[in-house]
Structure formats: structure tokens, C-alpha cells
Amino acid sequence: MPRPELTALRDELLRAGVAPQHVHRAVTELDDHFEDLLLEQLANGATRAAAERVACRQLGRLDVVAKAMLANPDLRSWAWRWPKVALIVYPIACVAALPAAPLVAGLQHRDSVARWLAGLLLAGLFTAAMFLVLQLAITMPGSGLPR
């Protein structure tokens, strides 16, 4: 039996809304624990294949770990707990980052960046306003905006 499939556990937890820092820590700790169990079996004289089988059995089922983590709402990300806030914050944050992108990419061409910055800023603000109005029209029932 090969190493446990921790990427499937990671993907399942992330899709279910568990915060990435909790998922990363759980997967890292499970991998470290498996490695410790494997080294212990190898030190006792077991072959590699036998040591992996015993270590997998001692580690336990990963779906039990996933169920335990999913049962704890404190491990969910803020966007999972407050989705309506995330629907407004994420587009605004992305649009707010747009004017910084040319600055980071074009530090060697400061003159060109300065000319384009005013245009990008105006376009970004206009786009952000449009996204916000659209988002509110979609998520807020009875907002009075035509659909």
C-alpha cells in the first residue's frame, strides 16, 4: 500500500470551505505522522512495503479526519462563513489591485507607467462601480434595479 493520498483530502477540504491555513497544517501533520510511523516500522526491521501497510493502518482513515474537520465550523474560511460580504469584497479587492499591476511590472519604465496610471485608475474605478451595482442587483432582492 503506497503513501496515503493526502492531495485528495486537501482538495476535499478546500472545496468544502475549510480555510487554507487549517488544511495545510492538517495535511502537513498527517504527512509527518505517517513518516514517523513508517520510520518506526523500518527501524523495527520491517520491509518498505510492510512498513507502509502498517503505517497506513495506524494512521487511520482519512475520511474520518475530513469529517471531523468539516464538523467544526470554526475551521471554515471567512468567505465561507460570510458569502455575501465576500461577493462584494473580492471584486473590489481585485479591481483595487489593478492599478498596482503595471507599477510592479514596469518599474524600469516609470514614465510610461505614470501616463497609463491615470487611465487605469479611472477605468478601474468605473469598472468597480459597475461590478458593485451588478453584484448588488443580483444578490439583493427588491433592490429596485431592473433584472
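Reader: At roughly what angle do the axes of helix α1 and helix α2 cross?
Author: Please bear in mind that this is a predicted model. The axes of α1, residues 6-15, and α2, residues 20-43, cross at roughly 160°, and they come within 10 Å. Since angles over 145 degrees count as roughly antiparallel, α1 is therefore roughly antiparallel to α2.

Reader: What is the handedness of the crossing of α1 and α2, left-handed or right-handed?
Author: The crossing of these two helices, α1 and α2, is right-handed.

Reader: And which residues make that contact?
Author: On the α1 side they are Leu6, Leu9, Arg10, Leu13 and Leu14. From α2 come Pro20, Val23, Val27, Leu30 and Asp31.

Reader: Which residues of α1 are buried?
Author: The buried residues of α1 are Leu6, Leu9 and Leu13. Viewed down the axis of α1, they fall within an arc of 55°, so they line one face of the helix.

Reader: What do the buried residues of α1 pack against?
Author: They pack against α2 and also against α4, which spans 62-70.

Reader: How do the axes of α1 and α4 cross, then?
Author: The axes of α1 and α4 cross at roughly 20° and come within 10 Å. The two helices, α1 and α4, are therefore roughly parallel to each other. The crossing of α1 with α4 is right-handed.

Reader: Which residues meet there in α1 and α4?
Author: Leu6, Leu9, Glu12 and Leu13 of α1 meet Leu62, Ala66, Met69 and Leu70 of α4. Seven of the residues in this contact of α1 with α4 are nonpolar, one is charged and none is polar.

Reader: What follows α1?
Author: Gly17 follows α1, and the phi of Gly17 is positive, near 100°.

Reader: Changing topic, where is Ala86?
Author: Ala86 is in helix α6, residues 83-97.

Reader: Is Ala86 buried or exposed?
Author: Ala86 has a relative accessible area of 6%. Buried means under 20%, so Ala86 is buried.

Reader: Leaving aside its neighbours within four places in sequence, what is Ala86 in contact with?
Author: With those neighbours left aside, Ala86 is in contact with Trp78, Ala79 and Pro91.

Reader: And how far apart are Ala86 and Pro4?
Author: Ala86 and Pro4 are 34 Å apart in space, C-alpha to C-alpha, and 82 residues apart in sequence.

Methods
Residues numbered from 1 in each chain as written. Predicted model: local features only at pLDDT ≥ 70, side-chain atom pairs only at ≥ 80, totals over all residues. Heavy atoms only, no water. Axes fitted to C-alpha atoms, helices over the stretch in contact; angles between N-to-C directions. Helix = DSSP H or I, 4+ residues; strand = E, 2+ residues; numbered from the N terminus. Parallel < 35°, antiparallel > 145°, perpendicular 65-115°, else oblique. Left-handed = near helix turned anticlockwise from the far one by under 90°. Contact = heavy atoms within 4.5 Å. Buried < 20%, exposed > 50% of the residue type's maximum accessible area, 1.4 Å probe, protein only. Arc of directions from axis to C-beta. Nonpolar A, V, L, I, M, F, W, Y, C, P; charged D, E, K, R; others polar.
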